Amino acid sequence: MARRATAGRGPGSQGNQRAGEGRKDGGGRKDGGGRKDGGGRKDGEGQRAGRRQDERRSGRRADPARLVAFEVLRASRERDAYANLLLPALLRERGLTGRDAALATELSYGTLRGQATYDAVIAACSTRGLDQIDPPVRDVLRLGAHQLLATRIGAHAAVATSVDLARKVAGPGTAGFVNAVLRRVATHDLEAWIAAIAPDRAADPLGHLAVRYSHPRWIVAAYSESLGEDGVAGPGDAAPAGAGAALAETEAALAASASRPSVTLCAVPGLADQAELAADGAEIARWSAFGAYLQGGDPAAVAAVRQGRAAVQDEASQLAALALTRVDVGTPDRLWLDLCAGPGGKARLLAGLAARGGARLVAADIRPHRARLVRAAVTGAAGVVVADGTAPAWRPGSFDRVIADVPCSGLGALRRRPEARWRKSPADVAGLGALQRRLLASALAAARPGGAVAYVTCSPHVGETRAVVADVLAGRDDVVVLDAPAVLAEVPDLRCPEPGGRYAQFWPHRHGTDAIFLALLQRRPGPRSAADTGPVAGRTTR
Ligand SMILES: C[S@@+](CC[C@H](N)C(=O)[O-])C[C@H]1O[C@@H](n2cnc3c(N)ncnc32)[C@H](O)[C@@H]1O
């Protein structure tokens, strides 16, 4: 196995004796792993002075960034906190900015993402099973493993600060155990650990990628199925020789889950445009005519964003909405529907486009507080209603265009929520299936003959994308599946593998966007009855 390049400066070196495995930590107390730590050496004045010097060197006394990262991990574990909400609040509360804030962010996000890989390494380095290690100590070990295996932080600093953190958050008796485990972690680099702990790639490619990229195996299988690579390695399959290499795109998709999403802005049609966003420092988006990329910085620094004339919105989300507006529906547009509108990203864009073309958007959401967010997002004549999209408050056939951006597992936005992959389960996907089917059927019923429907998810999982559309359309001859990739012809590589070739699937590794799915459907033209054009009822938010 290869050794870490930094190992020479690391835990085994002279300067780190105090963190050395086997020395007495506070007089032979039990450590956090429950084993006796130490060999009974006295901690004399000379050593204490050395320790103080050590602490000054490594800056361990003032290490608020690691403490914040630890608190994010603990809150995520104990109360399902969202790192992307908690972290900014903690940074503000502790007054962390600049390098400290960047370190706290990197440590919390990176550790949450890499958790499965780090757990496997820690298990290999500990005499105790992971579930026998006190949870706060496990969090400290994960943080330490991340620093050792995935950052440029020197091994000495990574181990010493982790030992210090363990003392602070889990008691002095845990220091020896943390020190010992992390010293073993530091003996190899990440690649060497993966070679040692992950299943063999050729024999079990899904299992190998799950450990290498720290994803639950079922998500690796879902990505590979969506990408059409599942033929070589379905869930639990023993794959044929060479199958591992054949999962190359699945691997790219998993790797992209660790990438930091760029901030994309969307100008509200009629209120702002790309030129204004570009003048404020953003870069004009590749595909969306309303999009612009913000390279770092606070979106609120952009005047149009501050004033509600632009907002943060993933480019694929913009394009899914734009695709719906491009379908030829025969007669002039009058009324559009966003069936599941909260918090209002697509509704904001669609309301602007509808108004520009003389039409009006109705935006619905079942949850009143989500509907209120939509109300705040949309402008002009758009109507916002609190309504259950499966029991519509409008007459069938009322709308020229309908978007059903249904509740889903969110597997397409793992980049945004580092902990999300551990919170989801196949049961979540299965549990949403019935609602997704009812909402799509309802969207089709709401569209007039000749009208268009966009079915959208922020997930590439076949169970909530192609399977839903196939089930809802089974036995119906009044709906045409449009060629969504052709409607978005400017965007390359959108086509789903056959037999789903008329559906579009965005991917972070291909498009730099969330993995958003789009099916574009059209009701076959037919006579329009008076009953099709009744008023829209429902509880409105204004
Ligand atoms: C994926 S989000 C929609 C995102 C939104 N289109 C956007 O671009 O900001 C799904 C929304 O569907 C709403 N929802 C869930 N069940 C619903 C139902 N039966 N009828 C209407 N809305 C529903 C949820 O409250 C949630 O706000």
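These legends describe close-up views of a predicted model.

**View 1. Confidence along the chain.**
The average pLDDT of the chain is 87. A score of at least 70 is reached by 83% of the residues. Residues 233-237 fall below 50. Beyond near neighbours in sequence, that stretch has 10 contacts in the model. Residues 529-538 also stay under 50. For residues 529-538 the model has 21 contacts beyond four places in sequence.

**View 2. The shell around the ligand.**
The ligand is surrounded by 18 residues. The closest are C340, G342, G345, G389 and D405. Helix α16 (345-356) supplies at least two residues of the shell, and so does strand β6 (360-365). By type, the shell divides into six nonpolar, six polar and six charged residues.

**View 3. A cis peptide bond at G342 and P343.**
G342 is among the residues closest to the ligand. The peptide bond from G342 to P343 is cis. Its omega is near 5 degrees. P343 sits in the loop between β5 (335-338) and α16. Helix α16 is one of the elements that supply at least two residues of the ligand shell.

**View 4. An open sheet of four strands.**
The strands of this open sheet follow the order β2-β3-β1-β4. Their pairing is antiparallel. Strands β2 (283-284) and β4 form the edges, each pairing on one side only. In general, strands of a sheet pair through backbone hydrogen bonds.

**View 5. Strand β1 and its two partners.**
Strand β1 covers residues 263-267. Four of its five residues are buried, so β1 is largely enclosed by the rest of the structure. Four bridges pair β1 with β3 (residues 291-294) in the antiparallel sense. In one of these pairs, T264 has Y293 of β3 as its bridge partner. β1 is also joined to β4 (residues 310-312), by three bridges. These two strands run antiparallel. C266 has A311 of β4 as its bridge partner. For L265, the bridge partner in β4 is V312.

**View 6. The largest nonpolar core.**
This core has 160 residues. Those with the most contacts inside it are L265, A310, A323, A404, L518 and L520. Helix α4 gives the most to the core, with 10 residues. L265 also takes part in the sheet, where V312 in β4 is its bridge partner. A404 touches L339, C340, L439, L440, A443, V453, Y455 and V456, not counting residues up to four places away in sequence. One of these residues, C340, is also among those closest to the ligand.

**View 7. G110 in helix α4.**
G110 lies in helix α4, which spans residues 98-125. G110 is buried because 21 other C-beta atoms lie within 10 Å, and the cut-off for buried is 20 or more. Leaving aside neighbours within four places in sequence, G110 is in contact with H146 and A150. L143 is 33 residues from G110 along the chain. The C-alpha atoms of G110 and L143 are separated by 8.7 Å.

**View 8. The enclosed helix α10.**
Helix α10 spans residues 217-226. Eight of its 10 residues are buried, so α10 is largely enclosed by the rest of the structure. The buried residues are I219, V220, A221, A222, Y223, S224, E225 and S226. Just after α10, G228 takes a positive phi of about 80 degrees.

**View 9. P426 in helix α19.**
P426 is found in helix α19, residues 426-446. With 16 other C-beta atoms within 10 Å, P426 is partly exposed. G463 lies 37 residues from P426 along the chain. The C-alpha atoms of P426 and G463 are separated by 9.6 Å.

**View 10. The loop between α21 and β11.**
P499 is found in the loop between α21 (484-487) and β11. A cis peptide bond joins E498 and P499, with omega about 10 degrees. D493 is found in the loop between α21 and β11 as well. D493 is not a glycine, although its phi is positive, at about 55 degrees. D493 is exposed, with 11 other C-beta atoms within 10 Å.

**View 11. D80 between two helices.**
D80 is found in the loop between α2 (64-79) and α3 (83-94). Its phi is positive, about 55 degrees, although D80 is not a glycine. D80 is exposed, with 10 other C-beta atoms within 10 Å.

Note on methods:
Residues numbered from 1 in each chain as written. Predicted model: local features only at pLDDT ≥ 70, side-chain atom pairs only at ≥ 80, totals over all residues. pLDDT = per-residue confidence, 0-100. Contact = placed C-beta atoms within 7 Å. Buried ≥ 20, exposed ≤ 12 C-beta atoms within 10 Å, placed from the backbone. Near = placed C-beta within 6 Å. Nonpolar A, V, L, I, M, F, W, Y, C, P; charged D, E, K, R; others polar. Pairing = 2+ DSSP bridges. Core = buried A, V, L, I, M, F, W, Y, C linked by C-beta atoms within 7 Å.
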